[in-house]
Amino acid sequence: MSKDKQFRLVAPFSPTGDQPAAIAKLIRGIEAGEQHQILLGATGTGKTFAMANLVEKLQRPTLVLAHNKTLAAQLCSEFQSFFPDNAVSYFVSYYDYYQPEAYLPTTDTYIEKDASINEEIEKFRHAATMNLLTRRDVLIVASVSCIYGLGNVEDYEKLAITIKRAEPVQRDKLLRRLTDIQYMRSGTEFKQGMVHVLGDTLEIFPPGGDTVYRIELPFDEVETIQEVDCFTGELITDLSEVTIFPAAHNVTTKEKIDQAVTGIRAELEVREKELKDAGELVKAERIRTRTDYDIEMLLETGYCTGIENYVRYLNNNGVPGSPPSTLLDYFPKDFLLFIDESHISVPQVGGMYEGNRSRKQTLYDFGFRLASSFDNRPLMFSEFEKRVGQRVYVSATPGKYEYANTDKKMIAEQIIRPTGLLDPVVTVKPTKNQIDDITQEINEAISRKERVLITTLTKKSAERLDEYLRDQDYKVRYLHSDIETLERIEILRQLRTGEIDIIVGINLLREGLDLPEVSYIAILDADKQGFLRSRDALIQTIGRAARNVHGHVTLYADTMTDAMMQALAETERRRDIQDAYNKKHGITPKSIEKAVHDINEEQKKLELRRPKRDHTKIPPDEKKRLIEELTAQMELAAQNMEFEKAADLRDEIELLKRGK
């Protein structure tokens, strides 16, 4: 793919309201070399669309950092709809389940690393790194996973294999090279990271895609290179050349492995002597046995379980304390960074290092790991800062770090909503008779066919309120952390369709709720100081009702806290700006209308362009593999709260099972 390809924004609308001014201000700042800027945007004002406009105008590779997988998936879906012809990738932790290696001295319990890798997410991660090394029109939406160790970019790029048509290539030599970069020969299955041999024809399934490269090598010469559908085998395009990137990020050369083993052995000798001199013979034997086994595996296969613990020697030239290679190292120096929901994302990046360090210390002290394992870690915040250049913090409630580093002149406000909707009306009411008041509000919302969210501070109060409303024959569900992901998806879908009218929860902020049907929010115990009733949390919760023209919020409290006063003042300030703009331009506010099964810009499928296939052309033995692949995609969609996509995939799986 040419590195000259340009970002091209595709949208059925243009910037409106205060979007043009915010976009222009941010562009001026970036072009002037400003390192820190803030996009202060209220909920529903189109912050993602503003970011997309910046990307198109600046034409620079872009990283969008989100604080969890759900938000990252939603953002990736939106950016894919805005840039359908460009490389929009999704990079989050590929673990469905992760139990880190640990030792508990009090009970003498060693816990081996145990993890379940989500192959669908692993595919997206490979697509992200391959895109970064082959083109510039790349936008990657990532979680905090991007500051954790990833294979050395120089080795990853150096070990890629370029194959050209009419080039002399020996089949067996090519197979050995593919094995060296972690490709496996296919047996009963054929999936990403495998190579299939059919006489003089090789089929290579890259780890980051859904298509296969078919290479014909009669007489030790590349005759044809074809990109084909991985299930039907249908030809997609003929190619003159193709680059095959490694099947794993942690790959390295034999020379580096030999050099690394020398360093590991030297460190082992020193550590073993230290333990023996201290009379810790059991620990000395333990570190010797474990490390010798890892060395043997490295020399024989180029890989070992826990290879990341030797990153100092494999990637960092043996220098203690060196930061690991991360996704940030795959970006060119001029990349642009957006930190979405920065009030959460920035502290999250800053908090990753210390927790990892304390666990490793125990493993080192008791002879399970060498000191070099400390270098298998996330970046420290200071290291993160050095690896990113110009950045834009995006939030309705930026934090102290953002304000401390950003000149006031570099804050771009985006308060006006394209729909003309105002921030919700917020009232404060005493706690006396609050349940009667809430039921009256619920009845009014139901009469308008709208929905209600109620947030409490404790699990017990949420359960009691849920039980009371059920007894009053309301259609209500309690949303809490013990509910499985798929069930949570179904609850949200039922709220949107009207099968239930009310959701009661403790922290509804984390649910990634985007529910235009919600017109009323009740916040109980609003005067109880704490994280869930801070200024920022109140503003964020109030914003959940900002997508409905009847949106209003009640804070139930007997005293007025500073957080409440600040949240009310900021909401009123925004309402005044929004109302003045509407009056000046003759705009009548309208609720956002979004059909539950519409795939629009905010619920577009996260599929990396999943191809539409004629099921009748898929061989019977390939249908099972396709069903497994679609099931993995369905589960990922469910985890990411994309219930429309999960339902669509479920229906497609059922059709395949019925042979239609």
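I count a charge as sitting over a ring if NZ of Lys or CZ of Arg is within 6 Å of the ring centre and within 35 degrees of the ring normal. With that rule I looked up Lys-283, which lies over the face of Phe-366, at 4.3 Å from the ring centre. I also found the charged end of Arg-271 over the ring of Tyr-364, 4.0 Å from its centre.

Notes on the source. I am working on a predicted model, where local features need pLDDT of at least 70 and side-chain atom pairs count only at pLDDT 80 or more, while totals for chains, interfaces and linings use all residues. Residues are numbered from 1 along each chain as its sequence is written, and side-chain values use heavy atoms, without hydrogens and water.

Next, ring pairs. I searched the whole structure and got 15 aromatic pairs (Phe, Tyr or Trp rings, the six-membered one for Trp, with centres within 6.5 Å; planes under 30 degrees apart are stacked, over 60 edge-to-face, the rest tilted). I picked Tyr-103 and Phe-366: their centres are 4.9 Å apart and their planes at 45°, so the pair is tilted. Tyr-103 lies in strand β5 (residues 102–104) and Phe-366 in the loop between α11 (352–365) and α12 (381–387), so the pair ties together parts 263 residues apart in sequence (helices are DSSP runs of H or I, at least four residues; strands are runs of E, at least two; both are numbered from the N terminus).

I then checked cover. Tyr-103 is buried at 8% relative accessible area, and Phe-366 is partly exposed at 22% (buried is under 20%, exposed over 50%, partly exposed in between; 1.4 Å probe, protein chains only).
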